[in-house]
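Reader: I've got a new model open on my screen. Can you walk me through it?

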Amino acid sequence: MTRIVIRNLGKSVEVSDFSETILKAVQEDGIDWMHACGGKGRCTTCKAVVLEGAENLAPPTAAEIRYRDRGLLKDGERLACQAVVLGSITVDVPEEGKLPHLTYLS
Ligand code: FES
């Protein structure tokens with residue numbers, strides 16, 4: 001079973017469609033995730049910090065490479081709206097992506 005574990009939310013979602021991004025998969029499971037540009041790769045508010053399974057994500061998209069080149073996406077960070085899930089991963093929501101109505105673990 002392929003899962004996205006969101007460690008600091010204490011939640012996980014099952015993934016069965018391997019064309020889905022992290023953002024789409026978590027939203028389909030009813031989990032809110034910041035995405036200011038609507039998932040178009042035009043901001044970095046949907047960042048996910050990949051703790052495990054980075055190799056289980058499709059290669060970075062052009063948008064992610066552009067933000068990485070500008071220093072706005074660090075090693076280990078992916079844009080949830082861009083990163084397609086191919087296998088199990090564990091992520092954290094970074095500090096700047098935390099939503100005020102959700103409770104995050106430390
Ligand atoms: S939601 Fe804007 S880049 Fe992902």
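Reader: What percentage of the 106 residues count as buried?
Author: 28% of them count as buried. Keep in mind that this is a predicted model.

Reader: How many helices and strands does the protein have?
Author: There are two helices and five strands. Starting at the N terminus, the elements go β-β-α-β-α-β-β.

Reader: What does the C-alpha trace span along the principal axes?
Author: About 30 × 30 × 25 Å.

Reader: On to the sheet. What is the strand order?
Author: S2-S1-S5-S3-S4, in an open sheet with mixed pairing.

Reader: Which are the edge strands?
Author: S2, residues 11-15, and S4, residues 77-79. Each of them pairs on one side only. On average, neighbouring strands in this sheet are turned by 35° against each other, with direction ignored.

Reader: How many bridges join S3 to S5, and do they run parallel or antiparallel?
Author: Three bridges, and the two strands run antiparallel. S3 covers residues 47-52.

Reader: Which residue in S5 stands opposite Glu 52?
Author: Thr 90.

Reader: Now the inside. How many residues are in the largest nonpolar core?
Author: 22 residues. Those with the most contacts inside this core are Ile 4, Ile 22, Leu 23, Val 26, Ala 80 and Val 85.

Reader: Which elements each supply at least two residues of this core?
Author: Strand S1 (2-6), helix H1 (22-28) and S5. H1 gives the most, with four residues.

Reader: Let's pick Val 85. What is Val 85 in contact with, leaving aside neighbours within four places in sequence?
Author: Ile 4, Val 15, Phe 18, Glu 20, Ile 22, Ala 25, Asn 56 and Leu 57.

Reader: What share of the contacts with a separation of 6 or more comes from residues 24 or more positions apart?
Author: 64% across the protein.

Reader: Last one, Glu 95. Where is Glu 95 found?
Author: In the segment after strand S5, which spans 89-92.

Reader: Buried or exposed, and why?
Author: Exposed, because Glu 95 has 10 C-beta neighbours inside 10 Å. The cut-off for exposed is 12 or fewer.

Reader: How far apart are Glu 95 and Ala 48?
Author: They are 47 residues apart in sequence and 10 Å apart in space, C-alpha to C-alpha.

How values were computed: Residues are numbered from 1 along each chain as its sequence is written. This is a predicted model: local features need pLDDT of at least 70, side-chain atom pairs count only at pLDDT 80 or more; totals for chains, interfaces and linings use all residues. A residue is buried if 20 or more other C-beta atoms lie within 10 Å of its own, exposed if 12 or fewer, and partly exposed in between; C-beta atoms are placed from the backbone. A nonpolar core is a set of buried Ala, Val, Leu, Ile, Met, Phe, Trp, Tyr and Cys residues joined through C-beta atoms within 7 Å. Two residues are in contact if their C-beta atoms, placed from the backbone, lie within 7 Å. Two strands pair if DSSP finds at least two bridges between them. Axes are lines fitted to C-alpha atoms, for helices over the stretch in contact, and angles run from 0 to 180 degrees between N-to-C directions.
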